[in-house]
Amino acid sequence: MQPPKLGRQTFLKGNALSVASDNPRYTGRYFLILDNESKEVMEAIRRLEKKWRLSVATTADFISDPPDESRLKDADALVFNDLGVALVGVDEEKAEQIKLSGTGFLVVPEKVVYIPDEVTVDNDSNRGATWGIEVIGVLESPYTGAGVKVAVLDTGFDTGHPDFEGRTITTASFAPDETIDDLHGHGTHCTGIACGLVDVQGDRYGVASGAHLYAGKVLSGRLGSGAQSWILNGMAWAARNGCKVLSMSLGSPVSEGEGYDIAYERAARFARSKGTLTVAAAGNDSQRSKQRFEPVASPADCPSILAVGAIDPEMQVGDFSNRAINSSGLVDIAAPGVEIHSSWLMPARYRTLSGTSMSTAYVAGIAALLFEKYPDATPAVIETELRKIARSLPLPAEDVGEGLSMAPQ
Amino acid sequence: MRQIIITIYEIYLDRLTIVAEQLHREGLVIIHVYEFGVIIGMAEEEAIPRMRNHKEVASLEEEKQVHIPPPDSEVQ
């Protein structure tokens with residue numbers, strides 16, 4: 001059997017695209033797939049031998065051992081008896097002939113299989129953006145979330161922050177006797193990631209810079225605590241006001257075996273019915289370095305809410321990031337969540353923080369870009385697209401779901 | 001008095017107002033009724049078991065508090 005020739009062109013046009021990237025799609029070998037039932041295998045083998053003068057080995061030759069290509073040096077074809085498929089090492093011309101001969105074979109090129117690309121952040125190449133913004137492809141995206149209403153339910157927002165001068169901002173406080181003023185800083189940080197633009201040096205740190213921000217305060221005081229009813233009030237407010245995205249970088253820890261909170265789920269479904277996609281933080285209760293894994297927090301564990309886990313600059317799971325342990329509490333997607341630079345209360349203006357709160361804000365921003373790209377899409381369609389364009393990571397789905405959330409191009 | 005969150009089964013959503021009125025008669029001080037079938041209110045401890053027994057009530061729980069780490073924490 002001829003070895004796979006990585007980097008070799010095939011007659012298929014698709015392969016030409018990948019030559020430049022040194023990652024060819026095809027090996028230069030072909031699979032012949034039998035049109036008929038697999039009982040025709042023996043006949044097919046005879047045809048390969050007679051008509052095309054190929055030396056054929058079959059997986060029946062390997063009854064006691066798994067098939068091993070290195071033992072097939074002299075064969076041109078390996079027939080997988082159970083599958084009704086033959087792998088053949090022939091040149092393009094012959095493959096084309098077999099394809100055109102109408103002898104009951106479907107001819108498809110053998111694909112090269114790669115592990116997902118290593119994504120690392122080159123800290124030396126400052127492209128004028130935070131590592132998170134760079135790695136999720138915001139700089140290449142033509143979208144800004146223009147006109148899309150994005151609700152951030154949090155500790156409030158520093159409406160006087162100079163980075164947000166001139167922006168359209170609607171505010172409401174659901175914390176009794178408090179204004180929208182952010183007394184903690186968390187809300188201003190998360191909002192910066194989801195809806196900010198650039199810092200005073202001109203470095204980009206926010207995703208949906210064209211979005212119409214709806215800042216809702218549901219966590220009060222300097223310590224940032226809230227009642228569930230304030231959060232439900234905020235969710236209903238966002239949904240009724242036509243917000244397309246609802247971001248909740250908050251939560252309560254959940255025990256192993258505990259079900260999701262039905263009141264939050266009902267509120268999230270109501271939001272969906274109004275066209276609002278809800279994302280929430282998977283939670284920071286784990287200590288992976290000490291083998292401690294905690295389940296996705298509430299309300300992120302609700303089926304109608306996307307749970308977001310945290311990724312660090314080396315594309316590893318954040319040490320604190322929670323895991324899918326309970327059956328309803330899956331991690332849906334992941335985003336940068338370690339050492340994230342964003343806006344903070346004045347006069348400090350900026351701060352670097354870690355947590356699934358930050359990751360959630362990135363996904364909220366990306367969802368806003370998608371709603372700009374597909375203005376008539378339902379939350380379900382946007383969720384599907386968000387999952388589809390996520391970048392696969394060589395990490396367990398229980399930690400990162402579909403992988404790294406990416407901005408639409 | 002305890003602050004509680006009551007969620008009604010979806011099939012009874014059209015009876016939401018009637019259920020809320022019934023709960024009120026049984027001692028629930030209603031704070032908010034959401035159209036998606038959630039009622040927030042306050043009730044005395046001893047009135048709670050009876051409220052939980054209505055066929056329309058899917059869940060009755062004490063209202064949770066949500067906290068985030070203090071501002072000086074590096075992990076948020």
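In helix 6 of chain A, the residues A:Q228, A:S229, A:W230, A:I231, A:L232, A:N233, A:G234, A:M235, A:A236, A:A238 and A:A239 are buried, where buried stands for 20 or more other C-beta atoms within 10 Å of a residue's own, exposed for 12 or fewer and partly exposed for what lies in between, with C-beta atoms placed from the backbone. This is a predicted model, in which local features need pLDDT of at least 70 and side-chain atom pairs count only at pLDDT 80 or more, while totals for chains, interfaces and linings use all residues. Residues are numbered from 1 along each chain as its sequence is written, and chains are lettered from A, with ligands numbered from 1, in the order in which they are written.

Helix 6 is thus mostly covered, with 11 of its 13 residues buried. Helices (H or I, at least four residues) and strands (E, at least two) are DSSP runs numbered from the N terminus. The expected span of a helix is 1.5 Å times one less than its number of residues, so the 13 residues of helix 6 of chain A (228-240) should span 18 Å, which agrees with the 18 Å between its end C-alpha atoms. After helix 6 of chain A comes A:G242, with a positive phi near 75 degrees.

Chain A as a whole has 10 helices and 15 strands, and 50% of its 409 residues count as buried.

Seven strands of chain A form an open sheet with parallel pairing, in the order 7-8-6-10-11-12-13; strands pair if DSSP finds at least two bridges between them. Strand 7 (169-173) and strand 13 (333-336) of chain A stand at the edges with a single partner strand each, so one side of each has no neighbour in the sheet.

The contact between the chains takes 31 residues from chain A and 22 residues from chain B, two residues being in contact if their C-beta atoms, placed from the backbone, lie within 7 Å. Strand 9 (225-227), helix 6, helix 7 (262-273) and helix 8 (356-373) of chain A each supply at least two residues of the side that touches chain B, and helix 7 of chain A gives the most, with six residues.
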